[in-house]
Amino acid sequence: MLENAWSEDPVLTVRIIWNARSIHDGKGDKELFDRAFRWLFENHPRTAVVNLHCLVDPMCPRLSPKGGAKGGAKKRYFTSHGKDLLNILALATVDELYSAGHLNPRSNFLHNYCDGKSRLAFENNQEQEDWSRAQRVQRFADAHDRLTRKLLDKRYLALYVAVAGLFAVRLTKDFAILEKIAALPADSGEKERMKLMGALSLAPKWAPTPGSSHDRVTNISAICLLLHNAQRHVLTPGRRYTCVPEPLMSANRWSEIAYTRVPSVCMHANKEKIFTHDAERF
């Protein structure tokens, strides 16, 4: 189907693929997009990589609620979010970025499927810890060998560099904004502070955390601005200023959640908890 569409109109085909993922203007289907992107990446890798930025750039125009349909100013929303970049890279790394014609499109990496084997029995905790440690060492070694081998593929290398670059550029801009916020005088107005906070992207939220599931197979955080050193200075304050709701929920700081900045998926998953803990504001 995609081959026929491409032969008719390549530009429209790319738009259709990205529409499958668009949260605001399209289907919002992650797995459908992943499979369509795999086809594009296999057959037209340069087009796939060059257009990756459309996943995280504000591409969806909307009228602001203030002022109504006539007087409202246009605001652009993101097609999806940065986690899609990490998913694509991780799936490509573990060879689970299945094409549209694959019989089993569900990914073990994304869905955390188990092999159905019964759990091993251990005589004591020390034996279990030793076994777990040996398993981790082996997984890390396997992941290193796999990544080293994959980076020899020019298409994969282009994808890897593009994803790292998108995060690095956006985090650099956010770091500059965070410095401006920190440099604001104590008597500065809240309006100026909120304006700067509104300029922050969601990159600090979705940037790969060192040692996380995506990072364990891609080691991408080491490339994105050396995040092991930048996490304390960029990710943590960035996530605080962008009002990422999950840390506030975990810390039982429900009254600090900015509901206008809660993503739709997070709101759908946590609306009952929010109502229970902060019914008055919600």
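# Chat about cores, charges and rings

Biologist: Let's start with R38: what is its relative accessible area?
Modeller: In this predicted model, R38 has a relative accessible area of 23%, so it counts as partly exposed.

Biologist: Which residue does R38 form a salt bridge with?
Modeller: The partner of R38 is E42, and their closest N and O atoms are 2.4 Å apart. E42 is partly exposed too, at 33% relative accessibility.

Biologist: Where do R38 and E42 lie?
Modeller: Helix α3 holds both R38 and E42, and they are 4 residues apart, about one turn of the helix.

Biologist: How many salt bridges does the structure hold?
Modeller: There are 7 salt bridges in the structure. One of them joins R170 to D174, with 3.1 Å between the closest N and O atoms.

Biologist: Which helix are R170 and D174 in?
Modeller: R170 and D174 are in helix α9, 4 residues apart, about one turn of the helix.

Biologist: And D174, is that buried or exposed?
Modeller: D174 is buried, at 0% relative accessibility.

Biologist: Give me another one. What does R253 form a salt bridge with?
Modeller: R253 pairs with E256, and the closest N and O atoms are 2.8 Å apart. R253 is partly exposed, with a relative accessible area of 35%. E256 is also partly exposed, at 43%.

Biologist: Changing topic to the inside. How many residues are in the largest nonpolar core?
Modeller: The largest nonpolar core has 37 residues, and W18, F37 and L159 have the most contacts inside it.

Biologist: Which helices each supply at least two residues of this core?
Modeller: The helices that do so are α1 (2-8), α2 (10-21), α3 (30-43), α4 (45-50), α6 (83-93), α9 (154-183) and α11 (203-206). Helix α9 gives the most to this core, with 7 residues.

Biologist: Which residues is F37 in contact with, leaving aside its neighbours within four places in sequence?
Modeller: With those neighbours left aside, F37 is in contact with I17, W18, A48, L52, I88, L97 and L159.

Biologist: What about the second core, how many residues are in that?
Modeller: The second core is separate and has 9 residues, including M249, W254, I257 and M267.

Biologist: Where do nonpolar side chains tend to be in soluble globular proteins?
Modeller: In general, they tend to be buried together in such proteins.

Biologist: Now the rings. How many aromatic pairs does a search of the whole structure find?
Modeller: The search finds 6 aromatic pairs. One of them is F37 with F41: the ring centres are 6.1 Å apart and the planes are at 10°, so this pair is stacked.

Biologist: Are F37 and F41 buried or exposed?
Modeller: Both F37 and F41 are buried. They are 4 residues apart in helix α3, which means about one helical turn separates them.

Biologist: And how are the rings of Y156 and Y160 placed?
Modeller: The centres of the Y156 and Y160 rings are 6.0 Å apart and their planes are at 45°, so that pair is tilted. Y156 and Y160 are 4 residues apart in helix α9, or about one helical turn, and both are buried.

Biologist: Which residues do ring pairs link into a cluster?
Modeller: The cluster is made of W18, F33, F37 and F41.

Biologist: What lies over the face of F41?
Modeller: R155 lies over the face of F41, at 5.8 Å from the ring centre.

Biologist: I always ask about cysteines. How many disulfides does a search of the whole structure find?
Modeller: The search finds 0 disulfides. As for individual cysteines, C54 is buried, with a relative accessible area of 12%. C266 is buried as well, with a relative accessible area of 7%.

Biologist: Last stop, L2. Which helix does L2 lie in?
Modeller: L2 lies in helix α1, and at 17% relative accessibility L2 counts as buried.

Biologist: What does L2 touch, not counting residues up to four places away in sequence?
Modeller: On that count, L2 touches T13, I17, A36 and W39.

Biologist: And how many residues apart are L2 and I16?
Modeller: L2 and I16 are 14 residues apart in sequence, and in space they are 9.6 Å apart, C-alpha to C-alpha.

Notes: Residues are numbered from 1 along each chain as its sequence is written. This is a predicted model: local features need pLDDT of at least 70, side-chain atom pairs count only at pLDDT 80 or more; totals for chains, interfaces and linings use all residues. Side-chain values use heavy atoms; hydrogens and water are left out. A nonpolar core is a set of buried Ala, Val, Leu, Ile, Met, Phe, Trp, Tyr and Cys residues joined through side-chain atoms within 4.5 Å. Buried means under 20% relative accessible area, exposed over 50%, partly exposed in between (1.4 Å probe, protein chains only). Contact means heavy atoms within 4.5 Å. A salt bridge is a side-chain nitrogen of Lys or Arg within 4 Å of a carboxyl oxygen of Asp or Glu. A disulfide is a pair of cysteine sulfur atoms within 2.5 Å. Rings of Phe, Tyr and Trp (its six-membered ring) pair if their centres lie within 6.5 Å; planes under 30 degrees apart count as stacked, over 60 as edge-to-face and the rest as tilted. A charge sits over a ring if NZ of Lys or CZ of Arg is within 6 Å of the ring centre and within 35 degrees of the ring normal.
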